[in-house]
Structures are given as structure tokens and as C-alpha cells.
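This report describes a structure through its pocket, its charged pairs and its aromatic rings. The sequence and coordinates are shown first.

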Amino acid sequence: MSLDGCFYFQVHQPWRLRRYPYRDVGHSHDYFDEQVNADILRRVAQKCYLPMNALLLELIRQHRPHFRVSFSISATALEQMAAFAPEVLVSFRRLLATGAVELLSETSHHSLAALYSPREFAAQVRHHRAVCRRLLGAPGPVFRNTELIVSNAVAGQVAALGFAGLCLEGADKLFGWRNVAAPYRFATAPALAALPRHYRLSDDIAFRFSDRQWAAWPLGVERYADWLQGEAAALPPQAGGRGFLGLFMDYETFGEHQWADTGIFDFMRALPGELLRRGGFRFVTPSEAARRVPPGAATLDLPAPVSWADLERDTSAWDGNAIQRAALAEAFALEPFVRRHHARHAADAARVLEDWRRLLTSDHAYYMSTKHWSDGDVHQYFSPFESPYDACINYMNVLADLAQRVGAPAPRPV
Amino acid sequence: MCGSGDMLDGLKRQAQALGIGDRVEFRGFLAPGAVDRLLAQSSLLVMPSVSEPFGLVALEALRAGTPVVLSRQSGVREVLGHSLQVDFWDHEKLADQILAVLRLPVLARQLVEEGRAQLARLSWDESAQRIVDAYARVAGLDVAGGTAT
């Protein structure tokens, strides 16, 4: 029994809004906080992107040709790198040049378009591909939707765009007693191989690594490799002797969420060597993993969306309360007006389209979440606003201005 | 504006001077039932206090189904996360919050629903018990068991 391990790192930065008071509506079309966005991107570049890219390059060279990784990088992150820290793009290009690194496809603006507008979803997937090509290189044939949000409907849209595989959360509510490492396809889109995230082993690195209350702290590579071998031993017969292990996590895990002094970089430096030394473990790219899923594999049925967020593993982080749902509905209701404006080749057409898409980035809705709000939870940790309500008011002010620019009627009160 | 006090005449003159005399109603002193009715008729209660040890009126407004904007320099804001909050000196943000509640009924509704849920967890009994518990902790007493630990 052996395992195909697939590291996929998510790289995303939203265009954060500046404080946009209502009196600016109709007067100022500058929505984004250049300084804050530049500061955050440069800080994360220094703490995570640059050192971790350097480490991965070193590991790829050291273990050539056995070590592989993959990235999904939103276009909003890529454009910010180009604007504020172009050396990060250079380091990503160096990684891609090794041939051991694959890019996943996603929506350009890390949006929820798959849930609201199939047309905009397809447009953003194309746009993402174009931005990747321009700045880094073409993404491969495997897709990853925003926050791993997948349903039968989403899988159908992804399959229609010609992809070979789709990443998803290996959620208990979806897999139940079934082994997440076995090969699967999607019931409603059998052309797509399913690449599930092993959430426990992924979160051991992404969340628990520095937790001193955790029984396994401090986590060393030997123990972690033991766990992976345990997964291989537990593979069901239908896996054909080889299982898939999806280790999917935010790239900012390395150096930003888990600081360098937790030993996270040393852990990653030692891990590939330890796994390769033991045997029975192979690093694969998502496209290699998708190719290995046989045509007749068992299928997954997802009537409701599953994501990698929060304990609920659903979409409630973005649409769980009334103000979030109203904001999302309002933003997507502008689509026909933005398109008409664009088709008229107005002087500001490209800028308006880009501004609208930046507002579709899921982070804006995430900041409005009031889930566990009284506990001051993870949503607030990431939010630049003092409260979900301030996030909502600021966002709705900006939308009111954008609506005027594209000649949309003032939003009806809901 | 309801209630009476030393500043009432001055405020009336100020409203006239600002040219908004026809937009501001001074109701004077109101009996408790009348206060509740007035709160229920209001779109919003704004409490822009420079300093407010607690601010019970915010809870009364919520009970009447009216959303609240609270000064961050008030005590009540600590127990009412589901409210709009603003530093008393931040006029621009205060104006934005007032406009948003009037413009976005969905926001007003959520503030009231969530705020009332928080309100339901507040009671004098609860507060009294927490004070008793705090004293007991300091004194090293086990109140529940009635014995010193």
C-alpha cells in the first residue's frame, strides 16, 4: 500500500477597501486602500512567500525529480504582487521553471460566482488563466473553486469548461465512513476526478502545528510520517494499492499564521526527505493525481455546497446572515449593467469591470459574518473592520457608487 | 428628543440657530409608557455620549424593536455586540451609520433581531449572580456548595 501525496498551497490576497463614507458616493471612484494592500502584501512576502518559495526551490533541487508541489494563486494576489512586490513573481517563475510545480485554475477574483452566475464564473476562470499566462505561466487541467466550495451544480460548471479534476474538502458529512484516500469522481460530472483534502493531516500543519495544548506538540517529521504511513495501511481494497492524500492549505500558513520561530520551516525542510526515505510515498501534481483516478471510480453526490470553511464546512461563512445575503445579491445584481457598460466601450469600461470583480471577492462577505461574533472568532482576525456591521456599511456605500457609474437603478430596499 | 434638564432651552435655541427647528421635536418629560411608544415609533436610537457609564436607554430601544447606534465611550456597548458603534468624535462615521440604517432595512432588521437575542441573555438576576460569584472568588468561598474551599 502506498500514497500519492499532493501539496497544494492557496495564495490569495483581496483588494481591501478603504473607508468609503456615503458622502463619497457619486464623487469618488477610488475604492481600495492602496497603502494597506501594499503593506500587507509586502509583509506577507517577507515572512512567507519569499522564504517559503526559496525553501521549496531548494527541496525540489535536492530531491529532483521526486518532490512536487502545486499552487492556486488568485489573480487579485498576482496583480498585487506585480504592483507591490514583483520579486515574488520572479521567485514563483523560478519554481515553475523546475517543472516540478503546477498551477491550479480558479476564479480570477476568488469569488463566489459559481454560486450566483455561471456566466461570470466562466468569465473569471478565463480571466484567471490569462493573468496566470501573462505573469507566471499557464495553469494545469485541475480546478479549485473559491474556499473549496463544491456542489453538484459547481462540478457541472467546472466539467463544462473542460477540466479533468476538481479539488474539494474531504468533509466527514460528505465521505462518512468512506475512505477519503480512495479514488472518486463526481456523480453528476463523471468526467471530473475528485481530489479531496485530507482535512486532519492538512490542519495538523496549517492550524495545530504551534498549538502547545495539542497532545502532539511539538510535531516532528517522524511522527507526522508515521501518521501518513498509517493512512496508507488503512487503504481499502478498491484503492488498488495506491491512495491519494490531499494536503491542501493556505500558503500563509508558513511564516504568517505559523511564525518562523514555531519551527514550521524546519519541519517542511525535513518532511520530503523523511517521506521519500521511508518509501511507499510519492509526491504528485494535481494533474498526475487526476489521471490516476479510474473511469469507473466510486462517485460523490453533493446536493448542497461543501467548503473547507469553519466547522460547518458549508457556505455560511459568506452567506450565513441577512446582511451578507443582501450584499451578495446586490453585487451580483449589477452584472447586466456592468456588462452593458462594458459592451458600450465606455472610456472607463475596463476599470468598472475590474472594480466590480474586486467587489465580488469573497473576503468582503466574510468580513460581514456574525457567526460566533461574540467570541471574537477567526472572521474578525482577518477583518480590517471593527465589526461585521461596519464592513457591511462600507461595502454597501461602495456598491451604491458603482451602481451609479453603470447606470443601475438605486438598489431597492430589502 | 425627550426628557428635561438644564440644557433643554439651550438645545431648542441651537436647533433654531441651525435652521433645523422644524425637524427636531422636543417632547419634554415623558412617562415610562410614553417613552416606550416613542422608542417603538423611531427608526433608530442614537446615543452619541461623550461618556456613559452604562446607557440603559439602548436596551429599552432594542426591547421596543428599534436599532441603536452606540458611543464607543459607553458601558452598554460591551454587552451589545450587535449594534453600530462609533467614537463620539467621529461625526463622519456616525452620519454613515445613521444613513445606513435608514437606507438598508435588512441591516436594521438584523441589528434588532441579533440585539434582542443578546438582550434576552441580560437580566438583573444574572448580573447579581456574577457579582456574588466575583466576591466569592476573591473571598475563596464556594458559593454553590456553601463551604469554604
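How many residues line the largest pocket, and which of them lie nearest its centre?

## Basis of the description

This is a predicted model, in which local features need pLDDT of at least 70 and side-chain atom pairs count only at pLDDT 80 or more, while totals for chains, interfaces and linings use all residues. Residues are numbered from 1 along each chain as its sequence is written, chains are lettered from A and ligands numbered from 1 in the order in which they are written, and side-chain values use heavy atoms, with hydrogens and water left out.

## The largest pocket

The lining of the largest pocket comprises 37 residues, and those nearest its centre are B:Met1, B:Cys2, B:Leu11, B:Val46 and B:Pro48. Two or more lining residues come from each of helix H1 (8-17), helix H2 (32-41), strand S1 (45-47) and helix H3 (56-63) of chain B. Helices (H or I, at least four residues) and strands (E, at least two) are DSSP runs, numbered from the N terminus. On a 1 Å grid over the protein atoms alone, a pocket is an open set of points where a 1.4 Å probe fits, with protein on both sides within 12 Å along at least five of seven lines; lining residues have an atom within 4 Å of a point.

The volume of the largest pocket is about 1,500 Å³, taken as the space filled by probe spheres set on the points, with grid points joined across faces, edges and corners. Its lining divides into 23 nonpolar, 8 polar and 6 charged residues. In this division Ala, Val, Leu, Ile, Met, Phe, Trp, Tyr, Cys and Pro count as nonpolar, Asp, Glu, Lys and Arg as charged, and the others, Gly among them, as polar.

## Salt bridges

Over all chains there are 37 salt bridges, each a side-chain nitrogen of Lys or Arg within 4 Å of a carboxyl oxygen of Asp or Glu. One of them joins A:Arg282 to A:Asp4 at 3.2 Å, N to O. Because A:Arg282 lies in strand S9 (residues 281-283) and A:Asp4 in strand S1 (residues 2-11) of chain A, this pair ties together parts 278 residues apart in sequence. A:Asp4 is buried at 3% relative accessibility, whereas A:Arg282 is partly exposed at 36%; buried means under 20% relative accessible area, exposed over 50%, and partly exposed in between (1.4 Å probe, protein chains only).

A:Glu79 and A:Arg134 also form a salt bridge, their closest N and O atoms being 3.0 Å apart. The former residue lies in helix H2 (residues 75-84) and the latter in helix H5 (residues 118-135) of chain A, so the pair ties together parts 55 residues apart in sequence. A:Glu79 is partly exposed at 23%, and A:Arg134 is exposed at 53%. A network of salt bridges links A:Glu386, A:Asp390, B:Arg72, B:Asp87 and B:Lys93.

## Aromatic pairs

The structure holds 28 aromatic pairs over all chains. Rings of Phe, Tyr and Trp (its six-membered ring) pair if their centres lie within 6.5 Å; planes under 30 degrees apart count as stacked, over 60 as edge-to-face and the rest as tilted. The rings of A:Tyr8 and A:Phe248 are tilted, because their planes stand at 55°, with centres 4.9 Å apart. A:Tyr8 belongs to strand S1 and A:Phe248 to strand S8 (residues 242-250) of chain A, 240 residues apart. A:Tyr8 is buried at 0% relative accessible area, and A:Phe248 is buried at 0%.
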